[in-house]
Amino acid sequence: MSKKELTDTFQGAIAPKDIAVRMESVSKTFTRWQRRDNITQKERVSGQEQGPKKQNARENVIEETGAFRKERMFSKDKRKRIFRQEKTTVTALDNVSFQIGRGEFVAYAGPNGAGKSTTMKLLSGMLQPTSGDLSVLGMSPEKERIALMKKLGVLFGNRTELWWDHPVIQSFAWKKVVWDIPDEMYRRNLDMVTELLDMGEIRNTFARELSLGQRMRADLAMMLLHSPELILLDEPTLGLDVVAKRQMIEFLKRINREEGVTILVTSHDMDDLEEMARRILMISDGKLAFDGSFDGLRDITGNLTHFTVTTDGRMPELEGCRLLGGKHGVFEFEVDLSGLSMKTLLGMLSRAEGILDVEIRKAPIEQVIAQLYQAWKKA
Ligand SMILES: Nc1ncnc2c1ncn2[C@@H]1O[C@H](COP(=O)(O)OP(=O)(O)OP(=O)(O)O)[C@@H](O)[C@H]1O
Ligand SMILES: [Mg+2]
């Protein structure tokens, strides 16, 4: 199987009018300025240069670190090297192409720094691509940003749009005026989010007094007030407890199903993503690594699962499971559940002696990506 086949397994042709998101060969590079410290540790400690170079050009460089105050002798040349800025180029997205149809619920997964947030920012017009072409709801995010924002909702889990020093409802009212949301639409959406996101008690709370889960709900509610056709969610479940997460997931599924809202969502939690979305795009190092169904992904990578077993000290013998490590009676295993059923695994665990606790979870995204690369190598 070629890489091309692996990445194109899911998406058939979508009629142009049904395309919500189209990215074609999109790349994005950033220029980063970094301070380069070329001086060696030995020179740092001694504060002296090697060799008899330009003694008279030396000056005292005084550095204060907390209670310590050190005087060092550095040449001008060396100081220049210490504080010199170096330009590097970071490729956040590298020739990425995909399409999302209207009404789809798509998961966007990848390890830290893979390019997920960059994609979200490009799609919402906050950044411009270095090359390639993209359209969102038939519009160019770069050229038609204001018109697009009327149909788009964007939520970055680590940021808030709420007015910090005002009750939540005041931010909502402000959005209604600024976005010119018709009365009826505003009322309908406000009623919907109040009921489904349990906003009753937090509507009148000051944003700065909200807990993380409450703040996330309020931000999500505010994002929906103008009835967006497409919503981009960058880690909306970040830091939420199990109950808040469940509520958020159920709500998103419902607006996708009942209101036909197209959703693209990122998360580091494969379980959350699989519960929400039917299709997954995986990105790694700025390149699209997989585009398909969760079952399709499992066909390639297996159904890798990790579990931790806590015992009274004895190591459990579990056939078909790989021991990743263990100490003080806590053992970490890996198993491919496409080869060994959950029932068999639970059977083995129930027969093992001295088990106090078991925790089962999906393998981390980094490992799924590693499995994908291995599959390509073998292909
Ligand atoms: N404004 C910027 N300037 C320079 N480099 C940037 C900038 N924004 C992102 N990058 C770099 O681009 C790459 C992709 O970053 P991005 O934020 O898209 O990753 P991500 O997939 O969202 O990661 P995470 O899971 O940690 O949120 C990273 O190497 C990051 O350091
Ligand atoms: Mg990110």
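Reader: Which residues surround ligand 1?

Author: In this predicted model, ligand 1 is surrounded by Phe30, Arg32, Val90 and Ala92, then Gly110, and then the run Asn112, Gly113, Ala114, Gly115, Lys116, Ser117 and Thr118.

Reader: How do they divide into nonpolar, polar and charged?

Author: The shell around ligand 1 has four nonpolar, six polar and two charged residues.

Reader: And which element gives the most to the shell?

Author: Helix α4 does, with three residues. At least two residues each come from β1 (19-35), β4 (85-101) and α4 (116-123).

Reader: β1 and β4 then. How do they pair?

Author: In the antiparallel sense, over 13 bridges. As one example, Gln34 stands opposite Glu86 in β4.

Reader: What is the order of strands in that sheet?

Author: The order is β4-β1-β6, an open sheet of three strands with antiparallel pairing. β4 and β6 (131-136) are the edge strands; each has a single partner strand, so one side of each is left without a neighbour in the sheet. On average, neighbouring strands here are turned by 30° against each other, direction ignored.

Reader: Different topic. Strand β10, is it mostly covered or mostly open?

Author: β10 (residues 279-284) is mostly covered, with six of its six residues buried.

Reader: Which residues point which way?

Author: Arg279, Leu281 and Ile283 point one way from β10, while Ile280, Met282 and Ser284 point the other way. Residues on both sides are buried, Arg279 and Ser284 included.

Reader: Which strands join β10, parallel or antiparallel?

Author: Strand β5 (residues 105-109) runs parallel to β10 and is joined to it by four bridges. There, Ala109 has Met282 as its bridge partner. Strand β11 (residues 287-293) pairs with β10 in the antiparallel sense over six bridges, and Leu281 stands opposite Asp291 in β11.

Reader: What lies between the strands in the hairpin of β10 and β11?

Author: Two residues. In that hairpin Asp285 takes a positive phi near 50°.

Reader: One more sheet. What is the order in the open sheet of four strands?

Author: β13-β14-β12-β15, with antiparallel pairing.

Reader: Which strands stand at the edges?

Author: β13 (322-327) and β15 (355-362). Each has a single partner strand, so one side of each is left without a neighbour in the sheet. Neighbouring strands of this sheet are turned by 20° against each other on average, direction ignored.

Reader: How many bridges join β13 to β14?

Author: Five, with β13 and β14 (residues 330-336) running antiparallel. Arg322 has Glu334 in β14 as its bridge partner.

Terms used: Residues numbered from 1 in each chain as written. Chains lettered and ligands numbered in written order. Predicted model: local features only at pLDDT ≥ 70, side-chain atom pairs only at ≥ 80, totals over all residues. Near = placed C-beta within 6 Å. Nonpolar A, V, L, I, M, F, W, Y, C, P; charged D, E, K, R; others polar. Buried ≥ 20, exposed ≤ 12 C-beta atoms within 10 Å, placed from the backbone. Pairing = 2+ DSSP bridges. Axes fitted to C-alpha atoms, helices over the stretch in contact; angles between N-to-C directions.
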